[in-house]
Amino acid sequence: MKVLLIASLAILSITQTSLSFADNANGKNLFLQRCAVCHGADIKATGPLANKSQPPTPDLTTATFKKRLHDYPGVIVSSIILRPNGDLIPRTLRDNGIKIAPHAWSVQDFRDLNQYMSRVISESR
């Protein structure tokens, strides 16, 4: 019984610690600097380039996206960043004269961005 209690506390500690490692300010800054131009500050596809891509930028506050972000934390964010939907994102930026400086993404950045987006999405519904 004592071993089970210690193991349970260890798992709880790891879970809480990993969540506390996410930096919401970094996630917000990354989103506003790199994503809001299409998705908007509210994550609802209200950015100035939202309707200038084909297909148009999706609203990330939908129940479908929220579930995907929950089921695959970090995977959705990192897959879009590392392979931005073929040439859609770079082409949309290029065609509209928007230059976003390259960024050396870290695992921490992915965690921070995922946490920030999850928080904004949960507050919007």
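User: Hello! How many helices and how many strands does the protein chain have?

Analyst: Welcome! This is a predicted model. From the N terminus on, its elements run α-α-α-α-α-α-α. The protein chain therefore has zero strands, and its helices number seven.

User: What share of the chain's residues counts as buried?

Analyst: The protein chain has 125 residues. Residues count as buried when their relative accessible area is under 20%. The share that counts as buried is 30%.

User: What share of the contacts with a separation of 6 or more comes from residues 24 or more positions apart?

Analyst: Contact here means heavy atoms within 4.5 Å. Among contacts in the protein chain with a separation of 6 or more, residues 24 or more positions apart account for 63%.

User: Are H2 and H7 roughly parallel or roughly perpendicular to each other?

Analyst: Two packed helices are described by the angle between their axes and the distance between the axes. Helix H2 spans residues 24-34 and helix H7 spans residues 107-124; their axes lie 7 Å apart, at an angle of about 85°. Angles from 65 to 115 degrees count as roughly perpendicular. H2 and H7 are therefore roughly perpendicular.

User: Which residues of H2 and H7 make the contact, and how many of them are nonpolar, polar and charged?

Analyst: From H7 come Asp109, Asp112, Leu113, Gln115, Tyr116, Met117 and Arg119, while H2 brings Asn24, Asn26, Gly27, Lys28, Leu30 and Phe31. Sorted by class, the contact of H2 with H7 has four charged, four polar and five nonpolar residues.

User: Which residues does leucine 113 contact, leaving aside neighbours within four places in sequence?

Analyst: Leucine 113 is one of the H7 residues that meet H2. It is also among the residues with the most contacts inside the largest nonpolar core. Beyond its sequence neighbours, leucine 113 is in contact with Gly27, Leu30, Phe31, Cys35, Val77, Ile81 and Trp105.

User: Is histidine 39 buried or exposed?

Analyst: Histidine 39 is found in helix H3, residues 36-39. Not counting residues up to four places away in sequence, it touches Phe31, Lys44, Ala45, Thr46, Gly47, Thr57, Pro58 and Leu60. Its relative accessibility is 17%, so histidine 39 counts as buried.

User: How far apart in space are leucine 60 and histidine 39, C-alpha to C-alpha?

Analyst: Leucine 60 sits in the loop between H3 and H4, and it is buried, with a relative accessible area of 6%. Its contacts, leaving aside neighbours within four places in sequence, are His39, Ile43, Phe65, Met117 and Ile121. Leucine 60 and histidine 39 are 21 residues apart in sequence, and in space their C-alpha to C-alpha distance is 7.6 Å.

Definitions and conventions
Residues numbered from 1 in each chain as written. Predicted model: local features only at pLDDT ≥ 70, side-chain atom pairs only at ≥ 80, totals over all residues. Heavy atoms only, no water. Axes fitted to C-alpha atoms, helices over the stretch in contact; angles between N-to-C directions. Helix = DSSP H or I, 4+ residues; strand = E, 2+ residues; numbered from the N terminus. Parallel < 35°, antiparallel > 145°, perpendicular 65-115°, else oblique. Nonpolar A, V, L, I, M, F, W, Y, C, P; charged D, E, K, R; others polar. Core = buried A, V, L, I, M, F, W, Y, C linked by side-chain atoms within 4.5 Å. Buried < 20%, exposed > 50% of the residue type's maximum accessible area, 1.4 Å probe, protein only.
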